[in-house]
Amino acid sequence: MEMYDSLGLLLQPNIENKAPKREPLMTTYLIEKRLTPELMIQDLDSFMGKIEELAVMLKLDLSLAQADHIALRINELETAKAAHLAWTEFGKVISQAQINGRPIIVFEFNQPLKSKGWSIECLELPYPAEGKHYPSESWEHVEFVVPSHAQTADEFLADLKHTYPEFGAQYDHLQDLGIKTKLSSPKGEGERLNNPTVALNTMEFVSSFIRTH
């Protein structure tokens, strides 16, 4: 089984609004893992502080960028189901897509989460992927949207290097700083267009994803 340990920046019928009640055992289970929405919101500023530090290392000024969504990471199916239910009290499901063979649930918050000057309107809750295990379960990444007409991840990376020259100048040396990069164009089932994305990850549990607008 592969072990994943990274911190990342990702540079994306009418039902009654009454949320189902959480089962006490489920709530206790999430509390033990510090995965209840209330506890995760308490931890948000600390996580976003790490995102700020990563952006400084990358020489990316994301202060005015749109924080499209924040994502969490979970290892077990039952934990994902419990978290899925718990977050229905804080927002409504606006997307349930199958990406790379697993459900990705997107919530729109009833009230945006505010942290470090950013306003985050959505939560991405990926169900666990087979064979993938994180050393800890918590917040995983924030995805920022940067305007671009790029159609591919390579084109988008070129745009980022042009928009942020200091980032472009050091891009080939990011590995020396302990930062991993990954280019992708994820597309959910039924979607017509890819979403060119640049993922930037440290080995300290922070990921930042950046994608086109």
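Residues are numbered from 1 along each chain as its sequence is written, and side-chain values use heavy atoms, with hydrogens and water left out. Because the model is predicted, local features need a pLDDT of at least 70 and side-chain atom pairs count only at pLDDT 80 or more, whereas totals for chains, interfaces and linings use all residues.

The pLDDT, which is the predictor's confidence in each residue on a scale from 0 to 100, averages 84 over the chain, and 80% of the residues score at least 70. Over residues 1–8 the pLDDT stays under 50, and the model has 44 contacts beyond four places in sequence for this stretch, a contact being heavy atoms within 4.5 Å. Where pLDDT is low, the predicted coordinates should not be read in detail.

Helices (H or I, at least four residues) and strands (E, at least two) are DSSP runs, numbered from the N terminus. Helix H3, residues 44–58, has 15 residues and reaches 21 Å from its first C-alpha to its last, close to the 21 Å expected at 1.5 Å a residue; the expected span is 1.5 Å times one less than the number of residues. Among the buried residues of H3 are Leu44, Phe47, Met48 and Ile51, where buried means under 20% relative accessible area, exposed over 50% and partly exposed in between, with a 1.4 Å probe and protein chains only. Just after H3, Lys59 takes a positive phi of about 60°.

A nonpolar core is a set of buried Ala, Val, Leu, Ile, Met, Phe, Trp, Tyr and Cys residues joined through side-chain atoms within 4.5 Å. The largest such core has 46 residues, and those with the most contacts inside it are Met48, Ile70, Trp87, Leu125, Trp139 and Phe167. The elements that give two or more residues to this core include H3, helix H4 (77–87), strand E6 (118–126) and strand E8 (139–146), and H3 gives the most, with seven residues. In soluble globular proteins, nonpolar side chains tend to be buried together.

A search of the whole structure finds five aromatic pairs; rings of Phe, Tyr and Trp (its six-membered ring) pair if their centres lie within 6.5 Å, and planes under 30 degrees apart count as stacked, over 60 as edge-to-face and the rest as tilted. The rings of Trp87 and Trp139 have centres 6.2 Å apart and planes at 55°, so this pair is tilted. Because Trp87 lies in helix H4 and Trp139 in strand E8, the pair ties together parts that are 52 residues apart in sequence. Trp87 counts as buried at 1% relative accessibility, and Trp139 is buried at 2%. Phe167 and Tyr171 form an edge-to-face pair, with 5.7 Å from centre to centre and 70° between the planes, and both of these residues are buried. Ring pairs also link Trp87, Phe90, Phe109 and Trp139 into a cluster.

Leu30, placed in helix H1 (residues 24–32), is buried, with a relative accessible area of 0%. The C-alpha atoms of Leu30 and Ala83 are separated by 7.3 Å, although the two residues are 53 residues apart along the chain.
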